[in-house]
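Subject: Structure handover

Hello,

Here is the structure for you to look through. My notes on what was found come after it.

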Amino acid sequence: MGLFKKRVNEFPTPYTCTNAIKEGGLSTKLSMILMGFGNIVNGQVIKGLIYLFIEIAYLVFMFVNGIGFIAGLRTLGSVEQQEVWDEAKQIYTYTKGDQSILILLYGVAAILITVLMVVIWRGTLKSAYKAECLRKEGKHVNNFAEDLKTLLNENLYRLFMTPPTAFVFIFTILPLVFMICMAFTNYSRIDNHLMLFDWVGLDNFKTLFDSKSILGSTFWSVLGWTVIWAFFATFSNYIFGMILSLLINRKGTRAKGFWRFCFVLSCAVPMFVSLLIMRTMLQPEGAVNVLLRNLGLIASDKSLPFFTDPTWARVTVIIINIWVGVPYTLLQLTGVLQNIPEDLYEAARVDGANAIQTFTKITLPYMLYVTTPYLIVTFTGNINNFNVIYLLSGGDPVTDLSSTAGKTDLLVTWLYKLTIDKQYYNIGAVIGIMTFVILAIGALFTYRNSKSYKEEGGF
């Protein structure tokens, strides 16, 4: 069975837009043009006037600004900023030219407002049809005060969900669509396209996927390291956390609480503090190299290249990630181990199973069954793990001066450098899309392996 199967509506209602258009009366059908008209005719005057006011406000916005904002998306502006000599003041002044980034932002916002208006329009049509049906059936039609009271009872979810939905719409959907649009422009410092830029179609994607170009070769190198990092950062933590949890929770281990405290103590220190301390200690003149020199393990003029050699740097960040990540895995797996039924182990011992057989047949399958979604979420999270890489190595070392990324840069840290340091916003947007696609695929796999998906018949 496919992933996106058709779901059955748990709360079917006859008050739909389709029924309103097909079976609604004249007042309901007029509500398609004059929002709120059906509500006013059927006694919901205040509610209808509110709908009408929303429609008027939208039309005024579109006629005054909205149509112009959407029309501006075609060219993203054409008037350049001009430098003009002011003879009176004896200085150069600058004329106001088009700002493509504002044109793009306002245009995207106008389109999203239109989409929101369509959603409201559907709601007003269903509301008018419901009021008409109730009136024809001789049932009570709520007035405005009664509608407000329902927000504290059967429609309480609407009251609580509307504010967060509005914030998601403004601060998540709008920036996301804006970033996606930016990926199809030449908005960058190249050729001074920071004020006025144009649509370039798929050129940015072609440049990024072209392994012969500098950006393309950098992208494939960073992508490969990102996947390798995510794999080792995830499964090394899981394996070492599993070993520790098994050792601490076995019956022969004494002072279990003390050992858990020792390993979990690092969780009490903010991760960024731990990472910065480790970065300082592993510098060429840091505490580790100084100690090794004093002990005579390395020459007095030598230093271990923790962050200056590509291989050393990559191994270093993986090892330090194990140090800061294992305690969290230890806590996860300790809870899983303590919930495995003891009867399973008793039955295995009666059947003569040894420790290895017990682990492979009972412990490991149970742990994987419970923690597989957690593993996948951790894997996708490590793909987007900005803190560990940026705070430890900063993406260094850089071995190719023509490259914009270092040998330990992930896609997310490279994206940060491209946008903040290099001002290649268009390429950064493309990388953001690619990172989003990778994370979306990870989330899809997480859902497919979740218990709820299996219960719904996904498999």
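**Helix α4 and residue I46**

I46 sits in helix α4, residues 45-72. Helices here are DSSP runs (H or I, at least four residues), numbered from the N terminus. This is a predicted model, where local features need pLDDT of at least 70, side-chain atom pairs count only at pLDDT 80 or more, and totals for chains, interfaces and linings use all residues. Residues are numbered from 1 along each chain as its sequence is written, and side-chain values use heavy atoms, with hydrogens and water left out.

I46 has a relative accessible area of 46%, so I46 is partly exposed. The cut-offs: buried is under 20% relative accessible area, exposed is over 50%, and partly exposed is in between (1.4 Å probe, protein chains only). V119 is 73 residues from I46 along the chain, and their C-alpha atoms are 20 Å apart.

**Helix α9**

α9 has 36 residues, which should span 52 Å at 1.5 Å a residue; its end C-alpha atoms are 52 Å apart, so the two agree. The expected span is 1.5 Å times one less than the number of residues. S213 caps the N-terminal end of α9, with a side-chain oxygen 3.0 Å from the backbone nitrogen of G216.

**Aromatic pairs**

The structure holds 18 aromatic pairs. Take F231 and F235: their ring centres are 4.9 Å apart and their planes are at 45°, so this pair is tilted. Rings of Phe, Tyr and Trp (its six-membered ring) pair if their centres lie within 6.5 Å; planes under 30 degrees apart count as stacked, over 60 as edge-to-face and the rest as tilted. Both residues lie in α9 (residues 214-249), four residues apart, about one turn of the helix. F231 is partly exposed at 43%, and F235 is partly exposed at 30%.

F386 and Y416 form an edge-to-face pair, 5.4 Å centre to centre with 65° between the planes. This pair links distant parts of the chain: F386 is in α16 (residues 386-392) and Y416 is in α17 (residues 411-421), 30 residues apart. F386 is partly exposed at 24%, as is Y416 at 31%. Ring pairs also link F61, F69 and Y106 into a cluster.

**Nonpolar cores**

The largest nonpolar core has 30 residues. A core is a set of buried Ala, Val, Leu, Ile, Met, Phe, Trp, Tyr and Cys residues joined through side-chain atoms within 4.5 Å. Residues with the most contacts inside this core are L104, L208, F219, L411, W414, I427 and I431. At least two residues each come from α5 (100-136), α7 (156-182), α8 (203-209), α9, α17 and α18 (425-448). The largest share, six residues, is from α18.

L411 touches F219, V222, L223, T226, I431, T435 and I438, leaving aside residues up to four places away in sequence. Contact means heavy atoms within 4.5 Å. Another core lies apart from the largest one; its 23 residues include A233, L275, F306 and V326.

**T316**

T316 is in helix α13, residues 310-337. Its relative accessibility is 7%, so T316 counts as buried. The side chain of T316 reaches the backbone oxygen of F306 at 3.5 Å. A polar atom of that side chain also lies 2.6 Å from the backbone oxygen of W312. T316 touches L282, F306 and F307, again leaving aside residues up to four places away in sequence.

Regards

Note on methods
A polar contact is a pair of N or O atoms within 3.5 Å; within protein, one must be able to donate a hydrogen and the other to accept it, and residues adjacent in sequence count only if both atoms are side-chain atoms.
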